2 protein chains.
Amino acid sequence: MLSVSPPLAAALLTGNRRALARAITLTESTRPDHEVQAQALLAEVLPHAGRSVRVGLTGVPGVGKSTFIEALGLLLADAGHRVAVLAVDPSSARTGGSIMGDKTRMPRLTVHAGAFIRPSPSGGTLGGVARRTREAITLCEAAGYDVILVETVGVGQSETQVAAMTDLFVLLTLPNAGDELQGIKRGIMELADLCVVNKADTDPRAAARAQTELTAALRLLTPHGAPWRPRALRSSALTGAGIPQVWEGVEAYRQAVDVAAKRRAQTAVWFDDLLREAAWQAFQAGVDAERLRALRAEVLAGTLTPVQGVRALLSPSGGQQEGPPYLGDGPT
Amino acid sequence: MLSVSPPLAAALLTGNRRALARAITLTESTRPDHEVQAQALLAEVLPHAGRSVRVGLTGVPGVGKSTFIEALGLLLADAGHRVAVLAVDPSSARTGGSIMGDKTRMPRLTVHAGAFIRPSPSGGTLGGVARRTREAITLCEAAGYDVILVETVGVGQSETQVAAMTDLFVLLTLPNAGDELQGIKRGIMELADLCVVNKADTDPRAAARAQTELTAALRLLTPHGAPWRPRALRSSALTGAGIPQVWEGVEAYRQAVDVAAKRRAQTAVWFDDLLREAAWQAFQAGVDAERLRALRAEVLAGTLTPVQGVRALLSPSGGQQEGPPYLGDGPT
C-alpha cells in the first residue's frame, strides 16, 4: 500500500489531538483524492488500532445522555484512561449541524486532557455516517484512546449500526421506564447489554421499580444459555451515584463475552454489507429504471407476483422463458 | 401472460382440494418447466387471492402448538370458515420430511371438510421454503380458504420470514414463561402481536403470573403511539378455554391495524429482497471467488479495512485509483 500521509499517520500515532482531528476530517471528506488518502491512512494505522473498550450508548432525548457520558467519561479520564466520545446522528445531515456537535453539552469533559469529543459526521446516508464513525473509532484507537463511547440519538435506526460497531450497548432510560421506553423504537431494547435507569435521584422509588421491571423484561428477552445476561442498573449522572457500577457492568460483560470473536464477526458482517451494497449499486446501474418502476407498480397492484416481476426485469423480452436458476430459491 | 394451466386454475378456483394440493406441489417443483407453469398459475389466480386472515404462529417445542392450532382451526371451521394450515420449517430439508408433515398431529382437523393441512415444503434454503409458503398462501386463498394459519418451529430465523407474510404473529408460551421464553430466540418476542400462555390448565396460578409478566414486558417493548398494543392471553388447547378469546384478539388486531397497507408493504419488501438477491447472485458470478476469499481473509486479519477490501475487489489492478463513487456512502 502506498503511504500518502506518513506525517499525519506518525503524528496521529503519538496521540496528537490535532492530528487525530485532521485525520477524522480527512475520512469525512467526499473528495475522491481525500478518500484515497484516508483509506491509505487507515490501512497504515490499522495495526495500532483495536486496543480499546467500545461502548455504544442510546436513550431518548431528555434521558440525560450528555450528563451521563460526561460523568462516565470524567470518572474514566480521571482514572488515567483516554476517553473518546463519538456520535452517530444521521439527522445532522438535514440540519447541517448536529446538536451532538455542541461541545457545551459536556463542558468539563471537553477541556479534560484525557478526553477527545467529536460530533457526528454530517451529510450522507445513515450508512455513510456509520462508516465514518467506524473509521473514527479506528483513528481514535490508533491515537491511544482506550475507551470509545459512541452515542446515538435513540429514535431511529442508528442504534443497530452502533451496536454493530461496539463491544456492548447501553440503553439509558428514566425512572418512569414504562412510559419512557415507549419512546424507544421497537427492537432497541433487544440490543441492550446494560439498561441504566438514569436520573434515579429525581424519584428513587420509581427508579427502583423501573429497575425491577427492566430486570424482568430482560430476563424474558435473553435466550437460555447466552454468555451474558443483560443487567438493569440505576444511576444519577448529576450526583455521580451508580456511575462506577455501570463501568463494573462493562467490565463484567467483557469478562463474560469473547469480545475479539465478536469484533471479527462484526468486521465480517460489515465487509459483506459493503459487498452487497456494491452489488446492488452495480445491479441498479445495469437495469432499466423505467422498466423497474413499471414492474414494481404491477407487483404492488397485484397483477404480477414479486417473482414474476423480478423475472421479467431480468429477461428483456418479458416472456415466459426460464429465468435465472437462482430465482428458484429466493433470498435467505 | 400465457395461461399454461387453465384446467388446474379453474379447478383450484372452485375450491377443489385435490387441485389445490396439485397446485402447491407444482410451486414446490424445481423443474424449470414446472416453475414456469407455477408462475403462470399464480399470476392467473392472483386476482382471486388476498381475502383471508393470515396468522403466523410460533412457540418452542412442547408448547402444544399442534393441539392449539387444531383447537383454533376446529373452532373456526365449525363456525363456517375454511381454514388452511401451512408450515415453515427449513430443517425439513435435512431430515427429508418435516415433523410438521405428520397429519396425525391434528387428527380431527385433518378430516374436517373445511380444513386443509399442508406440511412444510422440504428442501432448499429458508428463503426458498418461505417463498413456497407465500405461494401456498396465494393458492389457498384462491381456493377459498379465508383463514390461513402459518406455523413455524420457534427456534430459528423462520419466525421473521413468517411474520413478513402474515397479518399478525402469535407467540405461544407456557405457564413458566420466564424459563420457557428463554428457549425463544432473541428478537422473536418483538414480533409478537399476541402472546398466548398455553396449557394454562396445568398450572393456573403460574399461567396468571406469566400473563402478568408478559403484559409488562410487552408494554415495555411497544413504542408509544403504535396502532396496536400487543396482548398477553391465556388458553388451554386441551379444554378449549381461552381459544375464542385468541380469535377475538386476532379480530381486534385487524380492526386496529390497516392490514391492506401492511400487506402492500410486505409485498414491496419481498420484491426488493428478491431484487437484491438477484443482484448479489449476479455480482458473485462476476467476481473472482479466489480473490474474494483472499481479500476477506485480509480484512478479517486486520491488514485491510473492509472498505479497502471491497475497493480492491472492484478494481482489478488493486491500485490506489479512485474506486466506484458509491463506496463513499456504504450500506444504509
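**A friendly note on the predicted two-chain model**

1. Let's begin with the overall make-up. Chain A contains 14 helices and seven strands. Please keep in mind as you read that this is a predicted model. Of the 332 residues in chain A, 55% are buried.

2. If you take the contacts in chain A between residues at least 6 apart in sequence, 74% of them join residues at least 24 apart.

3. The largest nonpolar core has 94 residues, and the members that touch the most others are Leu20, Leu139 and Cys140 of chain A together with Leu20, Leu139 and Cys140 of chain B. What does Leu20(A) touch, leaving aside residues up to four places away in sequence? Its contacts are Leu12(A), Phe116(A), Leu139(A), Cys140(A), Ala143(A) and Tyr145(A).

4. Over in chain B, you will find an open sheet of seven strands with parallel pairing, in the order E3-E2-E4-E1-E5-E6-E7. Its edges are strand E3 (115-117) and strand E7 (231-234), each of which pairs on one side only. From one strand to the next, the twist averages 20°.

5. One pairing to trace on screen is that of E2 (residues 83-88) with E4 (residues 147-152) in chain B: the two run parallel and are joined by six bridges. Within this pair, Ala84(B) has Ile148(B) as its bridge partner. Helix H7 (residues 126-142) of chain B lies across E1 (53-58), E2, E3 and E4, and runs at about 175° to E2(B).

6. Four bridges join E5(B) to E6(B), and four join E6(B) to E7(B). Thr173(B) has Val197(B) as its bridge partner in E6(B), while Cys195(B) stands opposite Ala232(B) in E7(B).

7. Which way do the residues of E6(B) point? Leu194(B) and Val196(B) point one way, Cys195(B) and Val197(B) the other, and all are buried.

8. H10 (residues 204-221) of chain B lies across E5 (168-173), E6 (194-197) and E7, running at about 170° to E7(B). Together, E6(B), H10(B) and E7(B) make a right-handed β-α-β unit.

Key. Residues numbered from 1 in each chain as written. Chains lettered and ligands numbered in written order. Predicted model: local features only at pLDDT ≥ 70, side-chain atom pairs only at ≥ 80, totals over all residues. Heavy atoms only, no water. Core = buried A, V, L, I, M, F, W, Y, C linked by side-chain atoms within 4.5 Å. Buried < 20%, exposed > 50% of the residue type's maximum accessible area, 1.4 Å probe, protein only. Contact = heavy atoms within 4.5 Å. Pairing = 2+ DSSP bridges. Axes fitted to C-alpha atoms, helices over the stretch in contact; angles between N-to-C directions. Right-handed = clockwise from strand over helix to strand, strands pointing away.
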